[in-house]
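Have the viewer open as you read.

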Amino acid sequence: MSKISKRASKYLVARLKRAARLEAFGRAMDAGILESQPLANSEHSGVVWNLVADNAALFSGDVDQDRGLVQSLLKESSRNRKQIERRIESGEFDAFNLDEEDCADETVDASDTSTGNAAGHSDTLPQAGGESALSSNMTSKVNGPMTGKGTATNLPFQDMAALRDHVLSIVAGFAFALKVQEVSAALLLARAIEQDEHAVDRLLSIMKRKKSIVAVQVPVRDFERHFGYLLEDGLALPFHVSLEPIAEGPTLTGRFKALADATPRKSFSCFGSASLKRYSDDDELRTIVSKRILTAFKPLIICDERDRPLPARLVTVADMVITGNNIDASLIADVLAICHKIPIGRSWFLMNELDFQPQHLGTDDLAIAIRPGRSLTKIMAILSTLEAENRAVAEAKEDEDKEGRLGALLKRSDAKKREKYSGCFDIIEPVKELAAPEAGKGQTAKQSAKPSTGKDHLFVERLAGYGDAQQWALDLKTDLDEFRNGEVEWSDLSSRLLLSGPPGTGKTTFARALCNTLGVPLIATSVARWLEASNLGDVLAAMNATFEHATHNAPCILFIDEMDNIGNRGSSDRPYDDYWSSLVNRVLELLDGASKTEGVIVVGATNRPDKIDPALLRSGRLEKHIVIPQPDTAALVTIIAHHLGSDLDAVLNSSEVGSSIGRISSARALPEHSHTTIVGNGSGQLHDSKEGVLING
């Protein structure tokens, strides 16, 4: 321990002992042993303690005899006080309207108690440590034994002063033992100050200012609360303090309002760990600093017991920053010596034997273990248990925080990755079907039967020429509704499909119509777009980003065009086989992962299904394969009707068309549900073919 730390520790512990003696003197005044006399009219001038004249003759001058007398009087006073408290609680009489007769029978006077306690906490105590020369040989030597009421009043002034010191010394011996929490908090504060040789002088000088700001950080649980008590009880500074929170939240001691009592106090603002947690956001903390801390008109104490650096903004505005450490073996040995008179060497020896190196103990933990009547071995056993428990909790919390931070980093990394490769896929939102206009409202029935002008509003229900693909989509729509209602499991749905067929047969159109029919977004991509990066790592990253986006936006449809560009593994007719095998393997892994994700529907498309690796068509992947043929005559008529829209009748009734098809009206030529399209091959030729061929079930 450094010189400055010893000085601060000595100062703080001396104030704790002084407070304990003053409390004992207050109890002695309640018992009628002592009386206090103010030195001046000022409440800060202090008091002088004297013997009560009527009871002075009771003291013989013998140390043991007078100690027994003081003990008896203090016990009697305590019993009387408890009796009054019980009578007040029972409602036997009003504490504010006691009869004079009752007051005369009791030893304790409420007004005297209040005055003594208030004065005792603000006085300058005369030194009464140790026995005076007279008190060491009182029984013979002061004109014989002092017997008879009023005999002491006849003693010479010097002998009377010696008798007073003798009694004060005995009364001081009945002071309560120092509290472990107060001593440990005081020692932690003293050790935090030791980094600055002039810290104590600077601290006292700073605290005299009206707008001083002092930050104290000691990473010990419960330190903040007991540090607040030290301030309020006048044990850390030469005056009592009333703490008021500068922001919404509790004071350092946990109260939500400033302490108000009869004790003269200086008003301080405070900002503790609870408020720091609440205002952790940079903008909120900036507001607290600029609008509350910098505009405060009274001293401010910032205290933080968390094991993390103080926010830089608070460190910047503070006039002084005091930073401490956790509770170690050295501090425990000091607490044991101060509170229970256990030699420091003995404590050190036992802790070394046990290899006890505390790192996670709090001030309340010390109070739990260090109690009167317990042996040093028992105390150390309890402290070891508490240290192990606290360490386990701290490690679990640290792991949880790391996982949380790692998870946040991974999320940000994934988001950046998806953003980087967002160009390798398109996101198409579904459109709502336009409501058909009601007949008879501003139009004729014939007009109401005309095709819709919403040419891009494609729905599977209106498609023609897709055969089994259309039925698969309608079945999926029904199953999806049942899944949303909890009637079926996702694994029971057929949500993987491979569409194949010649170019221009409407595979991409089917995906867009499926998006609108199911009412879920469509994430459209192609193998060619993945391969634009060329570099294997970037290609794999683009594939990953596409599937990850689909997973994070489920339910959705993932449409992958040009599946044949991935090819087969081990194909001898393709150079750089390892490159392509890596792509196939990764697609297989991603499809397996997507199959386990509820809400992700995968539709692949290809012109050359024979070039696709057979593993992609196995169960759980693109297990259902449907061939889309070229459109027949009926499908082509539907396509033309869709694109002509409201111009259909005019075209059909024109002279050129009428001569070739016999002026067939649109109502007879087209079915009622022909508001949809089937994309043809663009050749202008009509072919009669099957509506669809189902392969692999």
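Here is a quick tour, from the overall picture to the charged pairs and then a charged patch.

## Ground rules

This is a predicted model, where local features need pLDDT of at least 70, side-chain atom pairs count only at pLDDT 80 or more, and totals for chains, interfaces and linings use all residues. Residues are numbered from 1 along each chain as its sequence is written, and side-chain values use heavy atoms, with hydrogens and water left out.

## The overall picture

The protein has 27 helices and 14 strands (DSSP runs numbered from the N terminus: H or I of at least four residues for helices, E of at least two for strands). Out of 697 residues, 44% are buried (under 20% relative accessible area; exposed is over 50%, and partly exposed is in between, with a 1.4 Å probe and protein chains only).

Take the contacts with a separation of 6 or more: 78% of them join residues 24 or more positions apart. A contact here means heavy atoms within 4.5 Å.

## Salt bridges across the chain

Side chains of opposite charge can pair when their charged atoms come close. The whole structure holds 23 salt bridges (a side-chain nitrogen of Lys or Arg within 4 Å of a carboxyl oxygen of Asp or Glu). One of them joins Asp328 and Arg191 at 3.2 Å, N to O. Asp328 sits in the loop between β7 (320-323) and α14 (329-340), while Arg191 is in helix α8 (residues 180-193), 137 residues apart. Asp328 is partly exposed at 28%, whereas Arg191 is buried at 17%. These two also belong to a salt-bridge network with Asp334.

Another bridge pairs Arg278 with Glu248, again 3.2 Å from N to O. Arg278 is in helix α11 (residues 273-278) and Glu248 in the loop between β4 (241-245) and β5 (266-271), so this pair ties together parts 30 residues apart in sequence. Arg278 is partly exposed at 47%, and Glu248 is partly exposed at 48%.

Then there is Asp592 with Arg621, at 3.0 Å, N to O. Asp592 lies in helix α23 (residues 577-595) and Arg621 in the loop between β12 (600-606) and β13 (624-627), 29 residues apart. Arg621 is buried, with a relative accessible area of 15%.

## A negative patch

Which residues gather in a patch of negative charge on the surface? They are Glu395, Asp399, Glu400 and Asp401. A charged patch is built from residues with over 30% relative accessible area and no salt bridge, with like charges joined within 9 Å. Asp399 lies in helix α17 (residues 376-420) and is partly exposed at 42% relative accessibility.

Methods:
Patch = residues over 30% accessible without salt bridge, like charges linked within 9 Å, V, L, I, M, F, W, Y side chains within 5 Å. Areas by Shrake-Rupley, 256 points an atom, 1.4 Å probe, with all protein chains shown as cover. Lys, Arg positive; Asp, Glu negative; His and termini not counted. Charge placed at Lys NZ, Arg CZ, Asp CG, Glu CD.
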